[in-house]
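Subject: Handing over a structure

Hello,

I am passing on the structure below, together with notes on what was found in it. Please keep the view open while reading.

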Amino acid sequence: MDLNHFYKKNYGDRLALLKAQLGLNEADLEVIANGRTEKGNQIIENYLTDFPVPEGVAVNFLINGKEKIVPMVTEEPSVIAGASHGAKMTLAGGGIQARTTDHLMMGQVLMANVEDADELSTQLNQNEAAILKVANDAHPSIVKRGGGAKKLRIRKLAHQFVSLDIFIDTKEAMGANMINTMLEAVATYLHIKLHQTSLMAVLSNLSDECLATATCQIPVASLATKKLSGEDVADRIVIASLAAQVDPYRAATHNKGIMNGVDAVVMATGNDWRSMESGAHAYAVKDGQYRGLSDWKVSDGKLIGTLTLPMPVGFVGGSININSSAQLAHKFLQITSVKELETVIVSVGLAQNLAALNALVSEGIQRGHMHLQAKSLLLSVGATDTELPNAQLQLEKCPVMDANTAKQVLKTLRNKGEINE
């Protein structure tokens, strides 16, 4: 397959080449054409089409006393329902309170094969003011807005590595390009001033001095179900939370549930969900063992939940400014700053976690999941909107729920004419 210089070819030539090489038919090309946008071509290289992922809104959120409608982008059926349910549970305790730290992102100039780490550390400390000035001179516009490089940290690592960490206030942006520009300037300065060559100069996605924390306090009595008292439900949630602190296998799934909600909001606002994922999971192992990111306890008749996450996100910058969907998400959220965005993201993570734990320890996780899975299966085999209600009821009664069963249920209902009009 000859795809040399594919990036240089115009759009029509790219399609023609792929059609010839891959045997694409007209239906395939129509799918590609229907999703094509001009902005997509501006954002990524070798552009063909946009890949649609459903977007919806989570409701019932009360964050720092303000009602929020939260846009979420996800392909998983139960995520938005779970977030909305978790948020509703927190209303009994006045909703969710959220706070943030300074928006300090970190980048590192990493030096290898350092023979005398102590001597290099001394030299770096002695040049701290000059290093910060070099960094800030590389991006003066952020300094004018009150941001810029604020402090240094020096870490002596194994295998003769030394990391010069620079903490940068990126204001309303995530600031990846800004940080990397500043770091490369510092690397050049160190080479000239200290005759010290760096291996690399790049941001870190573990932004552990840019944190957001969400808390909720829910009256235990409000958690009661038909089969369990509120006290029982609360105690079970606490024990489930503890399991994620001692077992990394449980913690991985616990945290995946949190990130279901977090990533969906991050995507809706045009941010980098891979950065969020890497930072969150690295933060989960900060004490040497991978643990659940949230904590739940009972005190004074209330179930108290806390979640803290690194927040490498931006309100402006990158592709956010040219992404109309991201701009619309800001309107949905009624926010005007990155700190407000951070409070929403961490609050959704806490609500998502609450909903998952509550389901797991009471009715089981599958009840809600399988209801939505039945709908997805039926749609995948051609069910119409009018056929769905009856078909879902019948499919959920079947001992096996798969595509073949969904087809049979749909066929039977059509033969009987049992369709909700």
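Predicted model: local features only at pLDDT ≥ 70, side-chain atom pairs only at ≥ 80, totals over all residues.

Residues are numbered from 1 along each chain as its sequence is written, and side-chain values use heavy atoms, with hydrogens and water left out.

Overall picture

The protein chain has 16 helices and 10 strands. Helices (H or I, at least four residues) and strands (E, at least two) are DSSP runs, numbered from the N terminus. Along its principal axes, the C-alpha trace spans about 85 × 70 × 40 Å. Of the 421 residues in the protein chain, 44% are buried. Here buried means under 20% relative accessible area, exposed means over 50%, and partly exposed is in between, with a 1.4 Å probe and protein chains only.

Strands and sheets

Two strands count as paired if DSSP finds at least two bridges between them. An open sheet of 4 strands runs in the order β5-β6-β4-β7, with antiparallel pairing. Its edge strands are β5 and β7 (200-203), each of which pairs on one side only. From one strand to the next, the twist averages 20°; axes are lines fitted to C-alpha atoms, for helices over the stretch in contact, and angles run from 0 to 180 degrees between N-to-C directions. Within this sheet, strand β4 (residues 104-111) is joined to β6 by 8 bridges, and the two run antiparallel. G107 has I166 in β6 as its bridge partner.

Other pairings involve β8. Strand β3 (residues 96-100) and strand β8 (residues 211-219) run antiparallel and are joined by 5 bridges. The bridge partner of I96 in β8 is C216. β8 also pairs with strand β10 (residues 302-310), in the antiparallel sense, over 9 bridges. There A212 stands opposite L309 in β10.

M72 is in strand β2 and is buried, at a relative accessible area of 0%.

Salt bridges

A salt bridge is a side-chain nitrogen of Lys or Arg within 4 Å of a carboxyl oxygen of Asp or Glu. By this rule there are 11 salt bridges.

In the pair of K19 and E26, the closest N and O atoms are 2.8 Å apart. K19 counts as partly exposed because its relative accessibility is 34%, whereas E26, at 53%, counts as exposed.

K256 forms a salt bridge with E76, with the closest N and O atoms 3.0 Å apart. This pair links distant parts of the chain: K256 is in helix α10 (residues 248-268) and E76 is in the loop between β2 (66-73) and α4 (79-90), 180 residues apart. K256 is partly exposed at 42% relative accessibility, and E76 is partly exposed at 21%.

D165 and R155 meet through their side chains in a salt bridge of 2.5 Å, N to O. D165 lies in strand β6 (residues 161-169) and R155 in strand β5 (residues 148-157), so the pair ties together parts that are 10 residues apart in sequence. D165 counts as buried because its relative accessibility is 0%, while R155 is partly exposed at 28%.

The largest pocket

Rolling a probe the size of a water molecule over the atoms shows where empty space is left. On a 1 Å grid over the protein atoms alone, a pocket is an open set of points where a 1.4 Å probe fits, with protein on both sides within 12 Å along at least five of seven lines; lining residues have an atom within 4 Å of a point.

How much space lies in the largest pocket? The value is about 1,500 Å³, where grid points are joined across faces, edges and corners and a volume is the space filled by probe spheres set on the points. The lining of the largest pocket has 46 residues, of which I43, G270, N271, S319 and N323 lie nearest its centre. Among the elements that each supply at least two lining residues are α3 (38-43), α8 (176-193), α10 and α12 (324-333). By class, the lining has 20 nonpolar, 18 polar and 8 charged residues. Ala, Val, Leu, Ile, Met, Phe, Trp, Tyr, Cys and Pro count as nonpolar, Asp, Glu, Lys and Arg as charged, and the others, Gly among them, as polar.

Regards
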